[in-house]
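I'm opening my notebook on this one and jotting down what I look up as I go.

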Amino acid sequence: MENLLLKAAPKEEIDKKLEHVFETLFGQDSPERIYFEEGDMTYIVDTGNDDVRTEGMSYGMMIALQLDKPKIFSQLWKWVKTYMTVPKGHENEGYFIWSCSPNGQANSDGPAPDGEEYFAAALLLAEKRWKIKEYGDEARALLHAMVHKGENQDGYPMFEPENTYIKFVAHLHMTDPSYHLPHFYQLYAKYGNPEDSAFFLRAEEEARKFWLKSANTKTGLTPEYADYEGQPYDIDGHWTFYSDAYRTVANIGLDWLWEHEEIG
């Protein structure tokens with residue numbers, strides 16, 4: 001994979017800057033750290049809300065994977081499984097609680113699909129990188145729930161069965177354009193559950209189409225939330241370009257870098 005940063009700076013300078021950023025956020029002596037140790041577990045704090053979210057934990061696992069830091073990956077994942085696992089018997093069993101206090105107390109009983117998407121991708125890639133089959137098995141169990149929950153009256157899937165769109169929350173029939181991650185869906189198709197490979201290959205294609213469908217024709221920006229026709233969906237006034245929507249452009253860039261797919 002081509003490192004586009006090398007067009008702007010030499011590798012030594014890039015590596016030095018990455019290490020500085022990592023130490024700023026993860027270093028235990030850094031006043032700006034977001035990463036905290038708890039015995040043999042670790043967690044990442046959302047400093048704007050003073051909580052721990054599956055969004056941040058899954059991002060942290062992806063960072064640990066990309067920087068080849070298996071201990072950090074393992075410690076983050078252990079915290080997730082210890083405190084964020086939805087209890088057995090709940091309609092959201094198989095998913096993870098989207099927000100907890102730093103002491104592990106749950107702030108909700110529901111999941112947020114963007115966290116699950118990143119967990120699954122990070123775990124599948126970790127299985128390949130570090131040859132730990134358990135990570136892959138955990139990813140495949142999670143992906144099975146994301147696609148098939150509800151088939152036995154046991155809750156709700158995170159992917160809409162009819163159009164393959166990722167939902168904003170499992171029980172609502174609407175979405176978030178920044179949750180559409182076609183570059184991850186190809187990973188799911190290749191390394192996930194074989195019986196769902198065709199579903200994820202279709203989801204990959206439909207996600208790219210949805211970016212176009214939901215983008216404003218003048219600005220190219222997507223709304224924070226959207227209905228399945230790509231129109232802005234209002235939740236608490238968050239219907240326009242807002243916090244989540246900043247990620248959509250980054251996702252398009254990563255999709256191009258990983259898969260070299262044009263949209264449009």
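This is a predicted model: local features need pLDDT of at least 70, side-chain atom pairs count only at pLDDT 80 or more; totals for chains, interfaces and linings use all residues.

**Entry 1**

Before I look at any pair, I need to know what a helix axis is: a line fitted to C-alpha atoms over the stretch in contact, with angles running from 0 to 180 degrees between N-to-C directions.

I looked up helix 2 against helix 4, and the two pack at an angle of about 20° with their axes 8 Å apart. Angles under 35 degrees count as roughly parallel, so helix 2 is roughly parallel to helix 4. The crossing of helix 2 past helix 4 is left-handed.

Then I listed who touches whom. From helix 2 the contact has Thr54, Glu55, Met57, Ser58, Tyr59, Met61, Met62, Ala64, Leu65 and Gln66. On the helix 4 side I found Asp114, Gly115, Tyr118, Phe119, Ala121, Ala122, Leu123, Leu125, Ala126, Arg129 and Trp130. Sorted by class, that gives 14 nonpolar, four polar and three charged residues.

**Entry 1: helix 2 and helix 3**

Next I turned to the other partner I had noted for helix 2. The axes of helix 2 and helix 3 come within 8 Å, and they cross at roughly 160°. Anything over 145 counts as roughly antiparallel, so helix 2 is roughly antiparallel to helix 3. Here too I wrote down a left-handed crossing for helix 2 passing helix 3.

Helix 2 brings Thr54, Met57, Gly60, Met61, Ala64 and Leu65 to this contact. They meet Ile72, Phe73, Leu76, Trp77, Trp79, Val80 and Met84 of helix 3. The class count is 11 nonpolar, two polar and no charged residues.

**Entry 2: helix 6 and helix 7**

How far apart are the axes of helix 6 and helix 7? I got 8 Å, with a packing angle of about 175°. That makes helix 6 roughly antiparallel to helix 7.

Helix 6 uses Pro182, Tyr185, Gln186, Tyr188 and Ala189 here. Helix 7 answers with Ser197, Phe200, Leu201, Ala203, Glu204, Ala207, Arg208 and Trp211. I count them by class as nine nonpolar, two polar and two charged residues.

**Entry 3: the core**

A reminder to myself: in soluble globular proteins, nonpolar side chains tend to be buried together. In this model, the largest nonpolar core has 62 residues. Those with the most contacts inside it are Met57, Phe73, Phe159, Phe184, Tyr185, Tyr188 and Phe200.

Which elements give two or more residues to this core? My list is helix 1, strand 2, helix 2, helix 3, helix 4, helix 5, helix 6 and helix 7. Helix 4 supplies the largest share, 10 residues.

I zoomed in on Tyr188. Skipping its neighbours within four places in sequence, Tyr188 is in contact with Glu117, Ala120, Ala121, Leu124, Leu143, Phe159, Asn193 and Phe200.

Is Asn251 buried or exposed? It sits in helix 8, residues 246-259, and its relative accessible area is 6%, so Asn251 is buried, the cut-off being under 20%. Leaving out residues up to four places away in sequence, Asn251 touches Tyr118, Ser178, His180, Leu181, His183 and Trp211.

Asp176 is in the loop between helix 5 and helix 6. With 0% relative accessibility, Asp176 counts as buried. Again leaving aside neighbours within four places, its contacts are Phe168, Glu224, Tyr225, Asp244 and Arg247. I also looked up Asp176 and Ala8: they are 168 residues apart in sequence, and 33 Å apart in space, C-alpha to C-alpha.

Most residues other than glycine have a negative phi. Asp50 lies in the loop between strand 2 and strand 3, and it is exposed at 56% relative accessible area.

Asp236 has a positive phi as well, near 55°. I found Asp236 in the loop between helix 7 and helix 8, exposed with a relative accessible area of 74%.

Last stop: Ser74 in helix 3. Ser74 is partly exposed, at 35% relative accessible area.

Methods: Residues are numbered from 1 along each chain as its sequence is written. Side-chain values use heavy atoms; hydrogens and water are left out. A nonpolar core is a set of buried Ala, Val, Leu, Ile, Met, Phe, Trp, Tyr and Cys residues joined through side-chain atoms within 4.5 Å. Buried means under 20% relative accessible area, exposed over 50%, partly exposed in between (1.4 Å probe, protein chains only). Helices (H or I, at least four residues) and strands (E, at least two) are DSSP runs, numbered from the N terminus. Contact means heavy atoms within 4.5 Å. Angles under 35 degrees count as roughly parallel, over 145 as roughly antiparallel, 65 to 115 as roughly perpendicular and the rest as oblique. A crossing is left-handed if the near helix is turned anticlockwise from the far one by less than a right angle, and right-handed if clockwise. Ala, Val, Leu, Ile, Met, Phe, Trp, Tyr, Cys and Pro count as nonpolar, Asp, Glu, Lys and Arg as charged, and the others, Gly among them, as polar.
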